[in-house]
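Please open the structure in your viewer and keep the selection tool at hand.

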Amino acid sequence: MTLLTRTRSNTIKQLFLSSNGANGHFIQHCTNNHLVRQGKQVHARIILHSVIPDDFLGSKLLTFYATSGFLFEARHVFDNIPNKNVFSWNAMLIAYSHHGRNTQTLELFSSLVSLTDVNLRPNSFTISSVLKALSSPMFHDRRLVKEVHGFVCRHGYESDLFVVNGLITCYARLGELSLARKLFDQMQERDIVSWNSIISGYSQCGFYEDCLILFKEMECLGLRFDGVTVVSVLQACTQLKDLDLGRKVHQLVLDNRIEVDTAVSNSIIGLYAKCGSLEYARKLFNEMTEKDGITYGSMISGYMNHGFVDEALELFREMKNPGLSTWNSLISGLVQNSHHDSMREFLHEMQAMGCKPDSVTLSSVLPTISYFSNLKSGKEIHCYAIRNGYDGCMYVTTGLIDTYARSGFINGAYEVFKKSSLRNVIVWTAMISAYAAHGDAVAAISLFADMLGIGIKPDRVTFTAVLTGCAHSGIVSEARKIFDSMLPYYGVVPEIEHYACMVAVLSRAGMIYEAADFISRMPIEPSAKVWGALLNGISVSGDVNLGRFICEKLFEIEPQNTWNYVVLANLYVRAGMWDDAVMVRGRMKKMGLKKLPGCSWIETDNGLQTFVARDVSSERIADIYDVLGGLIELMREEGYVSITELDEEML
């Protein structure tokens, strides 16, 4: 090659490399083909030739670094683009959003909208990136979503399909389903993402019937659904235990040749497992070529839900390296089946294997802490939740409220409630239940009024909680007002639990015959809970005849419940009817029933100590009974007289 030819070639090459357009195409090629080293070399050549990236080249470099996972370098490129247009801003926003850097996404968007340049306005891609960040599980800020929604309306993007889809997803994730549905209904154009967003929202928030209604509407319109739709719909079928509809959806998947990926397969297995078709679920499980932690978790949960703990443990032990989701399925199943001691052992094993508990683990463990009333462990979990950012999770919040309340730390429960960023009806109900369990009806009713005052609609569990509080304190008039408001004002049909609460309210206030009359006017058949609530009141008043009548009802409904026999026997003893008491004793013996001993726990420096009535296994049993005897003497001196009960020896 001659000197002239080489010079011309180098000149052309230099001109080509100094072109933003040419360099942009080079970088795009490296991005498409994952050529990280070559892309960095092109960028180095750009810097070497003092090429100042324009928006086109800058966006290409941004995308290259973001796709390769180098966000720091991407931001450096962004900051050095001299005159950034909206495409450069979008490239950086998408980079942050794609990698889950949600805080940085929101901060960058805030910087953009604060600029005074009228030619630099966010577009639909900008807003979609921001909405993706706001729909992250780590964010629960309604105010921010509504501010972005206001921005959308002010700048005329309320008809943009992608923007509205993002808003629906955000509101659904926040539990604001009325707003999500309003946006969905107002859409002139919908795509599969629109339908999936609202259907998924209903399913994730527990509105399973609404989820299925929308799916059927989608079917009627002849719209083709996909795997995302199937997962949400099958979750609803699973939670409602609607096996028939679940089977139809499964068949639709096969008939329409929907891609059955791992997520869809897991949903199908979860449906059959939870609905009791364990053999078929296991058959599908065995046929799967690719299983993940959720696959095992679905099968383990199915076994646990139906009490097959050994089968669940056997399947779990087949796994070489269980993931967090599988550990969570196992732990929650053990708690569900009251294997509290085993749960603690597996929790320690899980941590020893390097698996770090998440919000699901914590919400599964907290019921065991509540069961043992272990305040110290509850505080440790609370600290762990705060350090790892799980204290914003609704289920962790409600679990902590319940744990603190059961441990007698009601002020701690209220502090958790007060600091909760997501105070929906479930969180409010947990705090109302905490006050009710402590017999503080005034606080429970006051909190209930506060909840209504800010527009949160109570559900059936909320009414059970506040009526329970009224029952503990015998507040009859307020309980009647709340009970009578359920259907006409809030659309909640009173169920058996609510009737049982009202019977407890009346009977504990000494209004035994009013309670009996209330039961006679019930529109549904009284259950053991209802009769038991009345019997509890009678056990205090000592009405033998009415007590005998109610116990006979309870003996028919739940013949194995020893408490009913004990109450009746105690009523006979208090009335001096010893022959009848002996008859009850004989009836229990004939049925092979024994009164369950009382059991309690106390937290000491050496851990939890368990005490069972009449247990003499403790090394310090003599000291224990000495202290107990002293307490009894002090009670007698204060004028307290114990009510004679039939103990295990008599029963």
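Predicted model: local features only at pLDDT ≥ 70, side-chain atom pairs only at ≥ 80, totals over all residues.

Residues are numbered from 1 along each chain as its sequence is written, and side-chain values use heavy atoms, with hydrogens and water left out.

**The nonpolar core**

Select I401, M431 and L534. These residues have the most contacts inside the largest nonpolar core, which has 189 residues. A nonpolar core is a set of buried Ala, Val, Leu, Ile, Met, Phe, Trp, Tyr and Cys residues joined through side-chain atoms within 4.5 Å. Buried means under 20% relative accessible area, exposed means over 50%, and partly exposed lies in between (1.4 Å probe, protein chains only). Next, select residues 496-508: this is helix α30, which gives the most to this core, with nine residues. Helices (H or I, at least four residues) are DSSP runs, numbered from the N terminus.

Return to I401. Leaving aside residues up to four places away in sequence, I401 touches A413, V416, F417, V427, A430, M431 and A434; contact means heavy atoms within 4.5 Å.

**An enclosed helix**

Select residues 124-134, helix α8. Why is helix α8 largely enclosed by the rest of the structure? Eight of its 11 residues are buried, so the rest of the structure largely encloses α8. The cover over its buried residues includes α6 (86-98), α7 (102-113), α9 (142-154) and α10 (161-173). One of the buried residues is S124, with a relative accessibility of 13%. Residues up to four places away in sequence aside, S124 touches Y157, D160 and V163.

**A buried tyrosine**

Select Y303 in helix α18 (residues 293-305). Is Y303 buried or exposed? Y303 counts as buried, at 9% relative accessibility. Not counting residues up to four places away in sequence, Y303 touches L278, R282, F308, E311, A312 and L315.

**A surface patch**

Select I624, Y625, V627, L628, L631, I632 and L634. Together they form a nonpolar surface patch with about 600 Å² of accessible area. Such areas come from the Shrake-Rupley method with a 1.4 Å probe, and for residues only the protein chains shown count as cover. Y625 belongs to helix α36 (residues 621-637) and is partly exposed, at 39%.

**Salt bridges**

The structure holds 14 salt bridges. A salt bridge is a side-chain nitrogen of Lys or Arg within 4 Å of a carboxyl oxygen of Asp or Glu. Select R143 and E147, whose side chains meet in one of them (3.0 Å, N to O). The two are four residues apart in helix α9, about one helical turn. Then select K283 and E287, another such pair (2.7 Å, N to O). Both lie in helix α17 (residues 278-287); K283 is partly exposed, at 42%, as is E287, at 47%.

**The cysteines**

How many disulfides are counted? The count is zero, a disulfide being a pair of cysteine sulfur atoms within 2.5 Å. Select C355: the nearest cysteine sulfur, that of C393, is 17 Å away. For C383, the nearest cysteine sulfur is that of C393, 17 Å away. C355 is buried at 15% relative accessibility, whereas C383 is partly exposed at 41%.

Note on methods:
Patch = residues over 30% accessible without salt bridge, like charges linked within 9 Å, V, L, I, M, F, W, Y side chains within 5 Å.
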